[in-house]
Amino acid sequence: MNAIVKIDIGLLILRVGFSGFLFLHGLEKLEVALSSNINYTDPIGLGPTLTLILVLFTELICTVLVAVGYRVRWLSIPPIILMLIAVFIVHKNDSIMEKELAVLYLISFIVIGILGSGKYAIKK
């Protein structure tokens with residue numbers, strides 16, 4: 001197996017793995033959205049409903065599209081923004097261990113955004 005094929009397989013695993021797990025977080029938030037009482041955090045002042053809608057868009061729609069490799073460089077931007085807010089606003093006073101998951105997602109989506117989808121994708 002040559003180096004280019006290995007890189008493309010690595011990018012596929014990175015995209016599908018991190019997108020899949022962030023998607024699962026979105027499913028948990030979808031339950032909140034479907035409840036009759038939306039009480040969601042509002043870290044940047046957009047209002048809890050709009051914030052939840054944007055988070056759901058990012059965690060459910062963007063992650064699926066990144067996983068399949070569609071417009072990966074553009075669609076990695078919402079997860080990057082979401083994780084920047086999580087790390088530097090929502091968890092600003094928390095220890096690094098409490099921020100760890102958000103930092104890992106942030107790093108992974110930055111790498112995905114820089115490297116793109118690789119060969120195994122719907123569209124680059």
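Which residues lie nearest the centre of the largest pocket? In this predicted model, they are Val55, Glu59, Leu82, Met83 and Ala86, out of 27 residues that line the pocket. The volume of this pocket is about 540 Å³.

**Largest pocket**
- At least two lining residues come from each of helix H1 (3–34), H2, H4 and helix H5 (96–115).
- H4 gives the most to the lining, with seven residues.
- By class, the lining consists of 18 nonpolar, five polar and four charged residues.

**H1 and H2**
- H1 and H2 cross at roughly 150°, and their axes come within 8 Å.
- Angles over 145 degrees count as roughly antiparallel, and H1 is therefore roughly antiparallel to H2.
- The two helices make a left-handed crossing.
- On the H1 side, the contact is made by Arg15, Val16, Ser19, Leu22, Phe23, His25, Gly26, Leu27, Lys29, Leu30, Val32 and Ala33.
- On the H2 side, the contact is made by Leu52, Val55, Leu56, Glu59, Leu60, Thr63, Val64, Val66, Ala67 and Val68.
- The residues of this contact divide into 15 nonpolar, four polar and three charged.

**H2 and H4**
- Helix H2 spans residues 48–68 and helix H4 spans residues 77–90.
- Their axes are 9 Å apart and the packing angle is about 135°.
- H2 and H4 are therefore oblique to each other.
- H2 passes H4 in a left-handed crossing.
- From H2, the residues Val55, Phe57, Thr58, Glu59 and Cys62 meet Pro78, Pro79 and Leu82 of H4.
- Six nonpolar residues, one polar and one charged make up the contact of H2 with H4.
- Val55 and Glu59 of H2 and Leu82 of H4 take part in this contact, and these residues are also among those nearest the centre of the largest pocket.
- Val55 and Glu59 also belong to the contact of H2 with H1.

**H4 and H5**
- The axes of H4 and H5 are 9 Å apart, and the helices pack at an angle of about 150°.
- That angle makes H4 roughly antiparallel to H5.
- Their crossing is left-handed.
- H4 contributes Pro79, Ile80, Met83, Leu84, Ala86 and Val87 to the contact.
- H5 contributes Lys99, Ala102, Val103, Tyr105, Leu106, Phe109 and Ile110.
- The contact of H4 with H5 contains twelve nonpolar residues, no polar ones and one charged.
- Met83 and Ala86 are part of this contact, and both are listed among the residues nearest the centre of the largest pocket.
- Pro79 of H4 touches H5 and also meets H2.

Notes:
Residues are numbered from 1 along each chain as its sequence is written. This is a predicted model: local features need pLDDT of at least 70, side-chain atom pairs count only at pLDDT 80 or more; totals for chains, interfaces and linings use all residues. Side-chain values use heavy atoms; hydrogens and water are left out. Axes are lines fitted to C-alpha atoms, for helices over the stretch in contact, and angles run from 0 to 180 degrees between N-to-C directions. Helices (H or I, at least four residues) and strands (E, at least two) are DSSP runs, numbered from the N terminus. Angles under 35 degrees count as roughly parallel, over 145 as roughly antiparallel, 65 to 115 as roughly perpendicular and the rest as oblique. A crossing is left-handed if the near helix is turned anticlockwise from the far one by less than a right angle, and right-handed if clockwise. Contact means heavy atoms within 4.5 Å. Ala, Val, Leu, Ile, Met, Phe, Trp, Tyr, Cys and Pro count as nonpolar, Asp, Glu, Lys and Arg as charged, and the others, Gly among them, as polar. On a 1 Å grid over the protein atoms alone, a cavity is a set of points where a 1.4 Å probe fits but cannot get out, and a pocket is an open set with protein on both sides within 12 Å along at least five of seven lines; lining residues have an atom within 4 Å of a point. Grid points are joined across faces, edges and corners, and a volume is the space filled by probe spheres set on the points.
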